[in-house]
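Visitor: I'd like to learn how to read salt bridges and pockets off a model. Could you walk me through them?

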Amino acid sequence: MLRQLEYLSALAREGHFARAAATCHVSQPALSAALRRLESDLGVQIVRRGRRFGGFTPEGERVVVWAHRMLADRDAMRQDLDRMAGGLTGVLRIGAIPTALTVAPLLTAPFCERHPDTRVTLESLSSRAIVQRLAEFDLDVGMTYIDGEPLGAVRTVPLYEERYLLLTPAGSPLAERDSAGWAEVADEPLCLLPPVMQNRRILDRNFAEAGVTVVPRIEADAVSVLYGHVATHRWSTVVAHGWLHMFGVPDGMRVVPMEPPARSHQIGLVLADRDPVSLLARALLDVAGDVDLRAVLDALRRRHLRPNP
């Protein structure tokens, strides 16, 4: 039955019979036949069939949840046995919001050093998608804001408090300032993430508390794209200090601390609220406990601020 549940999980993930069959390395008729056998064994219709995949029946939706859970338990058993045999194996699946992806190597690098027989996959996801994928057993760990918008039934492990900096051309009026106010930054030609991302919603609230509404000239859904635009020296942006770990400060640009907002926000690890915690997730938590991300990123921030008066 586990093979049939794998096929069902693949169909739920892909939403397409042919793509699901391809990911399982079987023919589409073989996948369809296996799912019909599963329906016969359980005595319920699982898949709505037509000329194309039509989704799942209510019973099928419930079976999909159980399939994810049973496959996750199987993987956890394998990890436990591998650990007993002398080493942790498997794939650690991490979903991270874009603003935290830049910091992820500070955890994944030592994780891979400690557990050389493991692999890591990283996906850029919204905070809402992370919570959903954790509930569906499709992720082991998430990296997101843990004290902002509701996360639901998850466990959280704080990593660091996000600090904000104005990244602006060296010749701009604010470049030589000791700090920049949110209201005056709103008048700059800005590149920002779009409002669908929680980082942007946080920045919008900070601007609103200063009595202004920001209208960026450029919106992009990737931190790298923002950096690509500001590197032309035509625009500025507000960066989280964790971004400095990957991108630093481009030539001809300066970073200026933003005035502290009324409310700060923390980036942390999130796990589904269930036991047992997967061994891979637990191993990452052990690494996070040994790496003081707060100190590392604060030191990086101070180093990049030194060229400023």
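Guide: We'll take the salt bridges, then the pocket. This is a predicted model, where local features need pLDDT of at least 70 and side-chain atom pairs count only at pLDDT 80 or more, while totals for chains, interfaces and linings use all residues. Residues are numbered from 1 along each chain as its sequence is written, and side-chain values use heavy atoms, with hydrogens and water left out.

Visitor: How many salt bridges does the structure hold?

Guide: Side chains of opposite charge can pair when their charged atoms come close. The cut-off here is a side-chain nitrogen of Lys or Arg within 4 Å of a carboxyl oxygen of Asp or Glu. By that rule there are 13 salt bridges.

Visitor: Which residue forms a salt bridge with Arg200?

Guide: That's Glu219, with the closest N and O atoms 2.8 Å apart. Arg200 lies in helix α9 (residues 198–209) and Glu219 in strand β9 (residues 218–219), so the pair ties together parts that are 19 residues apart in sequence. Helices (H or I, at least four residues) and strands (E, at least two) are DSSP runs, numbered from the N terminus.

Visitor: Is Arg200 buried or exposed?

Guide: Buried means under 20% relative accessible area, exposed over 50%, and partly exposed in between (1.4 Å probe, protein chains only). Arg200 is buried at 4%, whereas Glu219 is partly exposed at 43%.

Visitor: What about Asp140 and Arg93?

Guide: Their side chains meet in a salt bridge at 3.2 Å, N to O. Asp140 sits in the loop between α7 (127–135) and β5 (141–145) and Arg93 in strand β3 (residues 90–96), so this pair links parts 47 residues apart in sequence. Asp140 is buried at 11%, and Arg93 is partly exposed at 23%.

Visitor: Which residues are linked with Arg13 in a network?

Guide: Glu14 and Arg19 join Arg13 in a network of salt bridges. The Arg13–Glu14 contact is 3.8 Å, N to O.

Visitor: Now the largest pocket: what is its volume?

Guide: On a 1 Å grid over the protein atoms alone, a pocket is an open set of points where a 1.4 Å probe fits, with protein on both sides within 12 Å along at least five of seven lines; lining residues have an atom within 4 Å of a point. The volume, the space filled by probe spheres set on the points, is about 1,100 Å³ for the largest pocket.

Visitor: Which element gives the most to its lining?

Guide: α4 does, with 11 residues. The lining has 39 residues, and among those nearest the centre is Arg93, the partner of Asp140.
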